[in-house]
Amino acid sequence: TDVSEVIKKAKNIYCVGRNYVAHAHELGNEVPKEEPVLFLKANSSLRGVQDEGSTLFSDEVHHELEVVVQIKQHVPKHTCLQSPEQRWELISGIALGLDLTRRDKQKALKDKGLPWTLSKSFAGAGIIGPMCDLSEIDLPFPYSDLGFSLTVNDQTKQSATLGQMIFPIPFLIDFLLSYQHLDAGDLIFTGTPEGVGPMRAGDKFTMRWENGLKGQYEGIL
C-alpha cells in the first residue's frame with residue numbers, strides 16, 4: 001500500500017512502550033507485567049521512509065525500530081473476539097517503522113512527572129515503510145518468527161522477532177478496545193526491541209524484514 005495513503009487514513013496513532021524485556025532493561029525501566037505502556041503520536045508527525053528528513057531538535061534523537069499494523073475497519077469498543085485469528089483479521093496491513101524519540105526531552109519530562117508528548121510527537125517522528133498484506137507472510141500463524149532489523153550507516157543496530165514481544169499484537173488490540181473503539185486506518189506502533197541509540201541528520205538507515213516477509217526500505221534522516 002502507498003505510504004502516503006496509509007498516513008492520510010491514520011486518524012489515531014497508538015504507540016506501545018517497553019514491549020520487549022531487553023529494551024526496558026537497557027533504559028533502566030521496570031518491565032510491565034499486567035498492561036502495556038501506551039502513548040500517542042499526532043498524524044502530522046508521520047512521514048514515509050522515502051520522504052524528506054525529520055526535524056531534529058537535539059543531538060539525542062534515538063531510533064526505535066517497530067512493527068506497525070493498520071486497522072482495517074471500525075471496531076466498536078468491547079467487541080468480543082474469540083480467538084487470536086479474529087484479532088489478526090482486523091488488521092489490513094503490516095509495516096516497519098521508526099519511532100524517533102528525543103531522549104533528552106523524554107528524560108526531562110519524566111523527571112518532572114509530565115507527559116512525554118513533545119519527545120515523541122514532532123515533524124517526522126514516526127517514519128513508516130510500505131504496508132504488506134498479511135497474506136504475504138510466509139510463516140505459520142501466529143507469525144512468532146517474523147523477523148525484522150534496522151541498520152544505520154550500514155551497521156546493524158536492532159533486530160528481533162514478533163515472538164519476543166511481552167504483549168503480542170492480539171493482546172494490544174484487546175487492550176485498546178477495552179478503552180475505546182478503533183477506526184479504519186488507525187495505526188499501532190507495537191514497541192521496540194533493544195539496541196536503541198542516537199541518529200544524526202543525514203544518517204542513512206535501512207529497515208528490513210528478515211524472516212517471513214520480503215522487503216527492505218531505505219531512508220535518510
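Predicted model: local features only at pLDDT ≥ 70, side-chain atom pairs only at ≥ 80, totals over all residues.
Colleague: Why is Thr192 called buried?

Modeller: The term buried requires under 20% relative accessible area. Thr192 has 1% relative accessibility, so it counts as buried. This residue lies in the loop between E11 and E12.

Colleague: What makes the approach of Thr192 to Gln158 a polar contact?

Modeller: The cut-off for such a pair of N or O atoms is 3.5 Å. The side chains of Thr192 and Gln158 are joined at 2.8 Å, which is within that limit. The side chain of Thr192 also reaches the backbone oxygen of Leu65, at 2.8 Å.

Colleague: Which residues are in contact with Thr192, leaving aside its neighbours within four places in sequence?

Modeller: They are Tyr20, His23, Glu64, Leu65, Glu66 and Gln158.

Colleague: Why is helix H6 described as largely enclosed?

Modeller: H6 spans residues 169-177, and seven of its nine residues are buried, so the rest of the structure largely encloses it. The buried residues are Ile169, Pro170, Leu172, Ile173, Phe175, Leu176 and Leu177.

Colleague: What covers the buried residues of H6?

Modeller: The covering elements include strands E1 (13-17), E2 (37-41), E5 (65-71), E6 (91-99) and E11 (187-189), together with helix H3 (84-88).

Colleague: How do you know that the buried residues of H4 line one face of the helix?

Modeller: In H4, residues 103-111, the buried residues are Arg103, Gln106 and Leu109. Viewed down the helix axis, they fall within an arc of 125°, so they line one face. In general, an α-helix has 3.6 residues a turn, so residues three or four places apart point the same way. On the face of H4 turned away from the buried side are the exposed residues Lys107 and Asp111. Exposed here requires over 50% relative accessible area.

Colleague: What covers the buried side of H4, and what follows the helix?

Modeller: Among the elements covering the buried residues of H4 are strand E4 (61-63), strand E7 (101-102) and helix H5 (117-120). H4 is followed by Gly113, which has a positive phi, near 70°.

Colleague: What makes E7 and E12 edge strands?

Modeller: The open sheet has three strands in the order E7-E4-E12, with antiparallel pairing. E7 and E12 (197-198) each pair on one side only and are therefore the edge strands.

Conventions. Residues numbered from 1 in each chain as written. Heavy atoms only, no water. Buried < 20%, exposed > 50% of the residue type's maximum accessible area, 1.4 Å probe, protein only. Helix = DSSP H or I, 4+ residues; strand = E, 2+ residues; numbered from the N terminus. Contact = heavy atoms within 4.5 Å. Arc of directions from axis to C-beta. Pairing = 2+ DSSP bridges. Polar contact = N/O pair within 3.5 Å; in protein donor to acceptor, adjacent residues only side chain to side chain.
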